[in-house]
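Me: Hey, can you walk me through this protein chain? I'd like to go piece by piece.

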Amino acid sequence: MKKDLGAKPYIYPQPVLIVASYGEDGTPDAMNVAYGGIVNSNRLQINIGVRHKSSDNIKAKKAFTVGIADVKNLAAADYVGIVSGHDEPAKMEKAGFHLRKSEFVDAPIIEEFPVTLECKVEEINQYDATLRIVAEIVNVCADEEVLGADGEIDPAKLNAISYDPARHAYLKVGEKVGNAFRDGEALK
């Protein structure tokens, strides 16, 4: 029997996305974004509060990067979600992040995250106190250590984390359990 839980943001797995941007003065910032995902094959959407420093940065620069948070960098990923760049000017240093400028967009890449999506803003809409930002993915860079023999990202090597909104916990993602576009053929 199913039980009604009410209107809650329960999509599983929910990725932990670290959005990095530059301010108008070139100061880098990053935040942990719980609400985001792929819109279509080359676009993603993030939803962030209007009062975040990252909101101001993204509106000004029209660009950001998205690091896929992993087990190894869990504490730093959580830290940038609980500390505001408005309050802590040394936020990136305290997180232990090393940065380099993206070659594709005007935003920093956090070297610690093994996969980064480089994004150019296409659309910003405000709903109450939240911005919905849609961006084109113009490049994905990945550490060779997380690539499989086929040259693509291997989720088992990535060790990405997801957010459990019901328990406020992080979960490890990565075990293969089937084959997309093939296992359903048995039911035809």
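This is a predicted model: local features need pLDDT of at least 70, side-chain atom pairs count only at pLDDT 80 or more; totals for chains, interfaces and linings use all residues.

Me: OK, strands. How do S4 and S5 pair?

Reply: Strand S4 (residues 36-40) and strand S5 (residues 43-49) pair in the antiparallel sense over 4 bridges. Two strands count as paired if DSSP finds at least two bridges between them. Helices (H or I, at least four residues) and strands (E, at least two) are themselves DSSP runs, numbered from the N terminus.

Me: And what joins S4 to S5?

Reply: A hairpin does, through 2 residues. Asn 40 has Arg 43 in S5 as its bridge partner.

Me: What about S9, which strands does it pair with?

Reply: S9 pairs with S6 in the antiparallel sense over 5 bridges, and there Phe 64 stands opposite Cys 119 in S9. S9 also runs antiparallel to S10, joined by 12 bridges. The hairpin of S9 and S10 has 2 residues between the strands, and Asp 128 takes a positive phi near 55° in it.

Me: Switching to helices. Which residues of H1 are buried?

Reply: In helix H1 (residues 53-61), they are Ser 54, Ser 55, Asn 57 and Ile 58. Looking down the axis of H1, these buried residues fall within an arc of 165°, so they line one face of the helix. The arc is that of the directions from the helix axis to the C-beta atoms. "Buried" means under 20% relative accessible area, "exposed" means over 50%, and "partly exposed" is in between (1.4 Å probe, protein chains only).

Me: What do the buried residues of H1 pack against?

Reply: Strands S2 (17-22), S3 (28-33), S5, S6 (63-68), S9 (115-127) and S10 (130-142). Contact here means heavy atoms within 4.5 Å. Just after H1, Lys 62 takes a positive phi of about 60°.

Me: Where else is there a positive phi?

Reply: His 168 has a phi near 50°, a positive value in a residue other than glycine. His 168 lies in the loop between strand S11 (161-164) and strand S12 (169-172). Phe 181 has a positive phi of about 65° although it is not a glycine, and its place is in the segment after S12.

Me: Are those two, His 168 and Phe 181, buried or exposed?

Reply: His 168 counts as exposed at 63% relative accessibility, and Phe 181 counts as exposed at 81%.

Me: Which peptide bond is cis?

Reply: The one from Tyr 12 to Pro 13, with omega near -10°. Pro 13 lies in the segment before strand S1 (14-15).

Me: And Asn 73, where is that?

Reply: Asn 73 sits in the loop between S6 and helix H2 (74-82), and is buried with a relative accessible area of 9%. Its side chain makes a polar contact with the side chain of Asp 70 (2.8 Å). A polar contact is a pair of N or O atoms within 3.5 Å; within protein, one must be able to donate a hydrogen and the other to accept it, and residues adjacent in sequence count only if both atoms are side-chain atoms. Leaving aside neighbours within four places in sequence, Asn 73 is in contact with Glu 112 and Phe 113.

Me: Last topic: how many salt bridges are there?

Reply: A search of the whole structure finds 10. A salt bridge is a side-chain nitrogen of Lys or Arg within 4 Å of a carboxyl oxygen of Asp or Glu. One of them links Asp 29 with Lys 91, the closest N and O atoms being 3.6 Å apart. This pair links distant parts of the chain, with Asp 29 in strand S3 and Lys 91 in helix H3 (residues 91-95), 62 residues apart.

Me: Are Asp 29 and Lys 91 buried or exposed?

Reply: Asp 29 is buried, with a relative accessible area of 3%, and Lys 91 counts as buried at 3% relative accessibility.

Me: What does Arg 43 form a salt bridge with?

Reply: Glu 122, with the closest N and O atoms 2.5 Å apart. Glu 122 lies in strand S9 and Arg 43 in strand S5, so the pair ties together parts that are 79 residues apart in sequence.

Definitions and conventions: Residues are numbered from 1 along each chain as its sequence is written. Side-chain values use heavy atoms; hydrogens and water are left out.
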